[in-house]
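Colleague: I have the sequence and the coordinates open. Can we go through them together?
Modeller: Go ahead.

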Amino acid sequence: MLKEKLQKFFKIDRRWIFLLLAVMLFIPIMKPLGLPNKTISRDVQHSFDFMDKVPAGSFVLFSLDYDPSTRPELHPQAIAMIRHAFKKNLRVGVVTYIAGSTGLIAEIFEKVPKEYSKVYGKDYVVFPYMANPVAVMTQMASDMYGIYNKDEAGADARSLPVMQGIKNYKDMALVVEITGTAMLDYWVAYVGDKYHIPVIGGVTGISQPGYGPYLQRGQLKGLLGGMKGAAEYESLVKVPGKGTSGIDSLNLGHLLVLALISISNIILLIIKYL
Amino acid sequence: MDLLTHFWTWLCGFFVITPAWMTAGAWLAAGLTIFLFSFLYKDNPFFKAAEHLYLGAGMGWLLQVSFYSVLVPKVWEPLMKHEWLVLVPSLLGLSLLTQFIPKISWISRYGFTFLMGYGAGLAIPVGLSTDFISQISGTVQPLSMMASMTPWMIFNAFLVAFGVICVLFYFFFSVEHKGHMQKVSNIGIYFLMIYFGAAFGNTVMARFSLLYGRFDQLYTFSSSKYLYATQFIVIGMVVYFAIHAFFTRGGKEPEAAR
């Protein structure tokens, strides 16, 4: 009798679980719970430390290759890292190889530079979208103006003060790649390893475990994984953003999944051994 | 000409971002999100419309960005400056399009040959160095530096090397997995399972993050500033499903997300 009742649990319409999950994720958005985000993972700390040690005035190349489909995870990462670069008075160059990211890049640079009184052309520059990333990365090793002779607005890139003294990777202090694609692999293989330029990555939670070998080998200097990585970097930069505010929802969502997995397993054990 | 200039000025003015346009954008974004989520309850025409719109808008965006960021500055402008060398890659690129015309599709081989040769030349040495030699060295090197390592680091180095060997045994199919071989390959399976478990955990977190992102936007669009877009659209969808259920009582249920 009990067995039959318990078996009904596995026939539950999954739409009830969707609804429960939606409620669990929505509650903290309406009323933030303020659950703490106390752990800073080693790879995020390494990313922060590396960027923090780059001397002021150095040129950091950001490759922002994500579109709206991965925005909630990667956009807060990009914002936190660009804030850190501006805070450290680094020169920032932005490239992209994903057509869908151009609007998101514009959104970042409409807001973030103003917070640090940074001026376009003097402190940062945004280059246009380019197809065929591997060819572009290879060309940039000899002369980046062979590809990026103009910035996004069509101005001569060589004449911009932010680009003074920058010709190729040798003149750059760091490459930061934030992507939901395999583009980070390309930056490590075609640029980091080949031209000995440090590379830091920001990836989705799904791809994060796959980059363990590159981190262990030092081919990546640090890695931010998913919204958790963004939240950790935000707390290191001390400017809470969307990553931090999402932690409440993530925690509740994870608790729900843990509860469902535990309940299902307990019920299965009861059915099997009763 | 004057008429054209006037029309262009009017068009530009029409698309200047005003609060009204922001509200319209919020309604569109909230609507499309809710339409797509509605599939979790039941398949419906709103979901299909949103799905097709997503594909169309995505392709349209890609086309215009490619046109203005690649084709115009990299092909059109150099040609206007009489830089004829650009014709070589352009023609190779155009040759790929002959795939659509069976009679002359053989021309596309020239483009593909170039792509294959160029791609292989770039990828093979780099792949060997980054993903093969470097990783072997990363697995073995720590074992040669034990004098400067803590006991925990030594344990980690052995664990990594042991895991790599066991997993490689699992993927070695030329010897039958029996006896000791089977034991080693079984341990390899456990290492793989740990990796898959970590990857799955991260996948759950990633999916929740994406869901949080959409919910956060829906909450933003539920304010009076956006004329309660989220609430109105959710109520509209509920009413649609109620009416649909009323009129299809006893009929065949449409495909549900079950």
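**Two chains and their contact**

Modeller: One helix to begin with: α3(B) bends by about 50° at Val72(B), with a proline, Pro73(B), following within four residues. Keep in mind that this is a predicted model.

Colleague: What follows α3(B)?

Modeller: His82(B), and the phi of that residue is positive, near 60°. His82(B) is not a glycine. The residue sits in the loop between α3 and α4 (87-96) of chain B.

Colleague: Is His82(B) buried or exposed?

Modeller: Exposed, because His82(B) has 7 other C-beta atoms within 10 Å, and 12 or fewer counts as exposed.

Colleague: What is the phi of Leu227(B)?

Modeller: Near 55°, again a positive value in a residue other than glycine. Leu227(B) belongs to the loop between α7 and α8 (229-247) of chain B. Leu227(B) counts as partly exposed, because 14 C-beta neighbours lie inside 10 Å.

Colleague: Stepping back, how many helices and strands does chain B have?

Modeller: Eight helices and zero strands. Read from the N terminus, the order is α-α-α-α-α-α-α-α.

Colleague: And what is the radius of gyration of chain B?

Modeller: Chain B has 29 Å, whereas a compact globule of 258 residues would come out near 18 Å. Along the principal axes, the C-alpha atoms of chain B fill a box of roughly 80 × 65 × 45 Å.

Colleague: What share of chain B is buried?

Modeller: 12% of its 258 residues. As for contacts in chain B between residues at least 6 apart in sequence, 38% join residues at least 24 apart.

Colleague: Now chain A. How many helices and strands there?

Modeller: Chain A has 10 helices and six strands. Its C-alpha atoms fill a box of roughly 80 × 35 × 30 Å along the principal axes.

Colleague: What percentage of chain A is buried?

Modeller: 44% of the 274 residues in chain A. Among the contacts in chain A with a separation of 6 or more, 74% are between residues 24 or more positions apart.

Colleague: Which domains does the assignment give for chain A?

Modeller: Domain 1 (7-30 + 250-273) and domain 2 (42-245). The centres of domain 1 and domain 2 of chain A, taken over C-alpha atoms, are separated by 38 Å.

Colleague: Which residues touch the most other members of the largest nonpolar core?

Modeller: Val60(A) and Trp187(A), in a core of 84 residues. Helix α7 (residues 183-195) of chain A gives the largest share of this core, eight residues. Domain 1 (7-30 + 250-273) and domain 2 (42-245) of chain A each supply at least three residues to the core.

Colleague: What does Trp187(A) touch, leaving out residues up to four places away in sequence?

Modeller: Ser63(A), Val175(A), Glu177(A), Gly192(A) and Val199(A).

Colleague: On to the contact between the chains. How many residues does each chain put in?

Modeller: 35 residues come from chain B and 44 residues from chain A. On the chain B side, the elements giving two or more residues are α3 (45-80), α5 (108-140) and α7 (179-220). The largest share of that side, 17 residues, comes from α7(B).

Colleague: What is the make-up of that side of chain B by class?

Modeller: The side of chain B that touches chain A has 21 nonpolar, 12 polar and two charged residues.

Colleague: Let's look along α7 of chain B. Where is Gln182(B)?

Modeller: In helix α7 of chain B. Gln182(B) is partly exposed, because 13 other C-beta atoms lie within 10 Å. Gln182(B) is 13 residues from Phe169(B) in sequence, and their C-alpha atoms are 8.8 Å apart in space.

Colleague: And where does Phe191(B) lie?

Modeller: Phe191(B) is in helix α7 of chain B as well. Phe191(B) counts as partly exposed, because it has 18 C-beta neighbours inside 10 Å, and a residue is buried at 20 or more.

Colleague: Which residues is Phe191(B) in contact with, leaving aside neighbours within four places in sequence?

Modeller: Gly163(B), Cys166(B) and Val167(B). Phe191(B) and Val164(B) are 27 residues apart along the chain, with 8.7 Å between their C-alpha atoms.

Key: Residues numbered from 1 in each chain as written. Chains lettered and ligands numbered in written order. Predicted model: local features only at pLDDT ≥ 70, side-chain atom pairs only at ≥ 80, totals over all residues. Contact = placed C-beta atoms within 7 Å. Nonpolar A, V, L, I, M, F, W, Y, C, P; charged D, E, K, R; others polar. Rg over C-alpha atoms; globule rule 2.2 N^0.38 Å. Core = buried A, V, L, I, M, F, W, Y, C linked by C-beta atoms within 7 Å. Domains from an automatic or database assignment. Bend = angle between axes of the 7 residues up to and from the residue.
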